[in-house]
Amino acid sequence: MVLAVVLLLVLAGVGVVVTRPGPVAGWLGDDVGSGPKAAAATPDPDPSDVLAGPDPNAPLPTADGVRAVLDPLVGVAALGSRVNVSVADVISGQTLFAKGADDGTVPASVTKLATGVTALAARGPGYRIPTRAVAGAKAGEVVIIGGGDPTLAIDKKGYYPGAARLDDLAAQVRTALGGATPTSVTVDGSVYSGPVYGPGWDDDIPTGGSGGAVTALMTDGARRDPSVDHGAAARFAEPDLAAGKAFARLLGVPTDTVKRGTAPAPAQAAAGGTPAPGAELGVVQSPPMIRLVDIMISESDNLVAEALARQVALARNQPASFDGGAAAMDAQVAELGLPADEITLSDGSGLSRRNRISPSLLTDLIRLAASPDHPELAGVFGGLPVGGWSGTLDERYRNTPGTAAGAGSVRAKTGTLTAVHSIAGLVTTADGRLLTFAVLTDQVPGGKETAQPALDRITAALAGCGCG
């Protein structure tokens, strides 16, 4: 079900206004009938704002007041022996609470905040990822070149609304070829290098439905069935070849001709107007980077995250690999003036247990994205789930005692691995003051049933107090 909702976040005093049409469809000219939930009923009525604009004149909580509220909550047994926390005021930057705030901690999917900010910084909000088709070296050969767009669809029934489509690319190819008949398809994914599975990933991630092989060409985030609902889904083991076969079918080419290879360098056109080897036959473009970041954060989409990490690498002339993406993101953090020694990454999704990020770096990152000095980074806020309302926070802050104040007031990215639970984002206090927070735990003794409510009580406490 597509929620016809507008979430308005006004970061008063820092000059950022983010309007969130949501959650995904209908934004930036999308056809809301192109996604898997296209069979819509009558439109929902316009809702009220979920997050009210904070008051820039609201009183600043005191460090003593915040400590008095949070100290009993961060030490509960459900969160384990390592609970690292940072809370800061967005406008002034003043630190209000710090416990292990500078200690590198396994962040899980909270990593995607760093991925989103660095991708927006490196590529810019308007950048689109191309998927190209060129003439091959042999007569009738068409080479499809993956540029790293994980949202590419086969046709209008794709998973991601507004995605570029292979059927559009095939139509361009047929036009460019004139009367010539394509006879084979070659898949060129050479823009990516290195392993397709990340270092530090749990053994069940490649086949568990939330991760998969990272290749430069794929359709629908490598999903076998793009009509499945959000969340875990069966993925192709070789997404590039699966996409190549889908493209071959659209061109009327036997799928047994599909193979991996590299596109030839452009050459002079042959006599009679036949496209020369390497000549471009068509190109389609992904949604803009700001939209890809929005999808990644709102759905916690791991394959989109890995694609964006590689875009940071390509923008910084690094190999588009797990290692190259991680190194490029670290370098981009440093270039933004943040303490890069407090972030060590092995992937862009947070599936890796080798990742380390400090809570204070996350709150610094959020404050930077809210700064008028970096308007290009504000897109990271659009997809943040809202407590009791959307995304991974949809079912939270509703029925758990001690969390009600967070409903509609907490906007955050969550992270979950076995024994790892995290949350980082923004919260508006009862007095209208906007704070940023990060709570990271990586030695949790139990499961999410006890850990997540404990995290929610921390952030709800910030929402519910003046803490003066």
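**Exercise 1. A loop proline**

Task: In this predicted model, find which residues Pro-266 touches, not counting residues up to four places away in sequence.

Solution. 
- Step 1. Leave out residues up to four places away in sequence; Pro-266 then touches Pro-277 and Gly-278.
- Step 2. Locate the residue. Pro-266 lies in the loop between β8 (259–260) and β9 (280–285).
- Step 3. Check accessibility. The cut-off for exposed is over 50%.
- Step 4. Val-134 is 132 residues from Pro-266 in sequence, yet their C-alpha atoms are 9.0 Å apart.

**Exercise 2. A helix pair**

Task: Describe how helix α2 and helix α9 pack. Which residues make the contact?

Solution. 
- Step 1. Two packed helices are described by the angle between their axes and the distance between the axes.
- Step 2. Read them off. Helix α2 spans residues 111–123 and helix α9 residues 359–369. Their angle is about 35°, and the axes are 10 Å apart.
- Step 3. Assign the hand. The crossing of α2 past α9 is left-handed.
- Step 4. List the contact. From α2 come Leu-113, Ala-114 and Val-117; from α9 come Leu-362, Leu-365, Ile-366 and Ala-369.
- Step 5. Sort by class. The contact of α2 with α9 holds seven nonpolar residues, no polar and no charged ones.

**Exercise 3. The cores**

Task: Which members of the largest nonpolar core touch the most other members?

Solution. 
- Step 1. Take the 49 residues of the core. Leu-113, Val-293, Leu-308, Leu-362, Val-380 and Phe-381 touch the most other members.
- Step 2. Probe one member. Beyond its neighbours within four places in sequence, Val-380 contacts Leu-113, Val-117, Leu-120, Val-293, Ile-297 and Ala-369.
- Step 3. Look elsewhere. A second, separate core has 27 residues, including Ala-412, Leu-455, Ala-463 and Cys-467.

**Exercise 4. The disulfide**

Task: Which cysteines form a disulfide, and are Cys-465 and Cys-467 buried or exposed?

Solution. 
- Step 1. Apply the cut-off: sulfur atoms within 2.5 Å. The count is one disulfide.
- Step 2. Name the pair. Cys-465 and Cys-467 have sulfur atoms 1.6 Å apart.
- Step 3. Read the torsion. It is -80° about the S-S bond, and the link of Cys-465 and Cys-467 is left-handed.
- Step 4. Compare with the buried limit, under 20%. Cys-465 has 11%, so Cys-465 is buried. Cys-467 has 9%, so Cys-467 is buried.

Key:
Residues numbered from 1 in each chain as written. Predicted model: local features only at pLDDT ≥ 70, side-chain atom pairs only at ≥ 80, totals over all residues. Heavy atoms only, no water. Axes fitted to C-alpha atoms, helices over the stretch in contact; angles between N-to-C directions. Helix = DSSP H or I, 4+ residues; strand = E, 2+ residues; numbered from the N terminus. Left-handed = near helix turned anticlockwise from the far one by under 90°. Contact = heavy atoms within 4.5 Å. Nonpolar A, V, L, I, M, F, W, Y, C, P; charged D, E, K, R; others polar. Core = buried A, V, L, I, M, F, W, Y, C linked by side-chain atoms within 4.5 Å. Buried < 20%, exposed > 50% of the residue type's maximum accessible area, 1.4 Å probe, protein only.
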